[in-house]
Amino acid sequence: MKKLLHITLFVLFGFSIVISRVSGQSQTIHETGGYKIITGERPPVDFHQLSSKNWEPGIFIVKFNEEQVKNLDDASFTNGKDGALVTGIEAFDLLSIQFKVTAGQSVLSGLYQVPGKHNDFKERHKAWGFHQWFVFTMEYEGDLLQLIDAYKGLESVELVEPQLKIRRIEPVGRQPIPKDGGQNSPKWTPDDVFYNLQWNLENTGQTVFGMPGTPGSDVNVKPAWDITKGLPDVVVAIFDGGIKYDHVDLAGNRWPEIGPDGIFTVADDHATSVAGIISAVSNNGAGVAGIAGGSGLGNGARLMSLDIYAGLHGLSTMELYMYAADNGAAISQNSWGYVDPDVYNTDDLYGIDYFNANGGGDVMDGGITFFAAGNDGDGQNWYPGYYSGTVAVAGTDNNDRRAYFSSYGAYVGLSAPGLNVPSTGIATGGADGYFYNSGTSFSSPHASGVAALMLAMAPGKLSPQQLREIMKATADDIDYLNPDVAGQIGVGRINAVAALQG
């Protein structure tokens, strides 16, 4: 049963709406300078409950209040004789001496040095308050939380947090696809040589590593291709390592600018596998087919590479969400999270909110954000997938049962294949390769791929909320196969053709 929304409207110094959900979460909407700012819930995080393994040493994040930041310019920051940073805010600078703070800069400092359309949206960024965020480094090696508490007490500071470590949602398995794996198979559509192995797209009962499958336990994309095969106007931003953009099965569907690193992006096997599930070039007689990979003519969804691990761009996660939204991405694909459950960095959530409000490019008014649910095999609350601004995707096997590693919980929105999923990858020596991968990192891109097909079929016709609700309403119920986690692996396993017809 769909949950009802309780809506409260109120006016306070302008225009503001709060939408309260039965889960206790809320969404706030207000306008500043003609721009609509939409943010989700921000439950308090008690950093004192965490160990130092959770945060990056020597770094902390500050959001100054609006009044104070008017006179704050990191270009004018200096260092005193003692080496401590001087910002011109007396109380702040006194603490900087105590805690040996030596450098600081606006979180946006790097963004405006990278070419792209995002440089045209500085006023929108300001309306969202991104100019208030700064990151500081220090030589202080004592208790970071003592520092956090000290800065929290300053009148000029609205928020201060440690920089939490993030981790890739690592694969739990990876096996190469034999080079002759598809050569002796019967005819299929499309003509990619490994398509018959892609049980995740068309499950005919294939046996995968000794496990016979159940016909139909797939995302049902083959009949969806009779409706649409993809559209280059749909841009999917992949927040991961760098995509091997010159892979023979990806090059035809890469976003022309590739991403903020351009041709200097560091090729990463994990990201390359994620990209292939979404938009490997279909029907090109090689490798695998992507869900929204087109018909072999380079007409599939475009892949934007945003390296959040080894990127040379130096941009924060928040800046990368801004980059993606401002440069036309409609779908945000994510396979990362924090070290512990129930924690998040506020600036990361603001970045997601900004993407959701301002992404979409030419095909949707706003963006949609998908996250891997996680491979911890538990029911804890793993941000950012737990955040209401995202759709978390759990993993299933070729019999529609929860993959043993998949995290679960009431917050999970959908399920998709995640055990032994064939896709593109990087072989030894950096060569193009193809592998079976396991993990919810490979479940989530199924959702991104199906969303890309929906936008290809109806560009400009769907809102992010409509897209999200259609995908959920048309998913196949698999709770009866998973009684131990019923209601905790989403509303069902994604069904592509049903979503297009929904």
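The lining of the second largest pocket divides into 12 nonpolar, 9 polar and 6 charged residues. Here Ala, Val, Leu, Ile, Met, Phe, Trp, Tyr, Cys and Pro count as nonpolar, Asp, Glu, Lys and Arg as charged, and the others, Gly among them, as polar. This is a predicted model, where local features need pLDDT of at least 70 and side-chain atom pairs count only at pLDDT 80 or more, while totals for chains, interfaces and linings use all residues. Residues are numbered from 1 along each chain as its sequence is written, and side-chain values use heavy atoms, with hydrogens and water left out.

Back to the pocket. Its 27 lining residues include Gln 163, Gly 314, Leu 315, Ser 316 and Thr 317, which lie nearest its centre. Two or more lining residues come from each of strand S5 (55-64), strand S8 (101-106), strand S10 (157-164), helix H6 (317-326) and helix H7 (346-358). H6 gives the largest share, 4 residues. Helices (H or I, at least four residues) and strands (E, at least two) are DSSP runs, numbered from the N terminus.

There is also 1 cavity of 30 Å³ or more. It is lined by Ile 243, Tyr 245, Leu 250, Arg 254, Ile 258, Leu 303 and Ser 305. On a 1 Å grid over the protein atoms alone, a cavity is a set of points where a 1.4 Å probe fits but cannot get out, and a pocket is an open set with protein on both sides within 12 Å along at least five of seven lines; lining residues have an atom within 4 Å of a point. A volume is the space filled by probe spheres set on the points.

| Space | Volume |
|---|---|
| Second largest pocket | about 540 Å³ |
| Largest cavity | about 40 Å³ |

Now for the helix pairs. The axes of H6 and H7 come within 8 Å and cross at roughly 5°. That makes H6 roughly parallel to H7 (angles under 35 degrees count as roughly parallel). Axes are lines fitted to C-alpha atoms, for helices over the stretch in contact, and angles run from 0 to 180 degrees between N-to-C directions.

Helix H5 (residues 269-279) and helix H8 (residues 444-457) have axes that come within 8 Å and cross at roughly 35°. Val 274, Ile 277 and Ile 278 in H5 meet Pro 445, His 446, Ser 448 and Gly 449 in H8. That contact has 4 nonpolar, 3 polar and no charged residues.

Terms used
Contact means heavy atoms within 4.5 Å. Angles under 35 degrees count as roughly parallel, over 145 as roughly antiparallel, 65 to 115 as roughly perpendicular and the rest as oblique.
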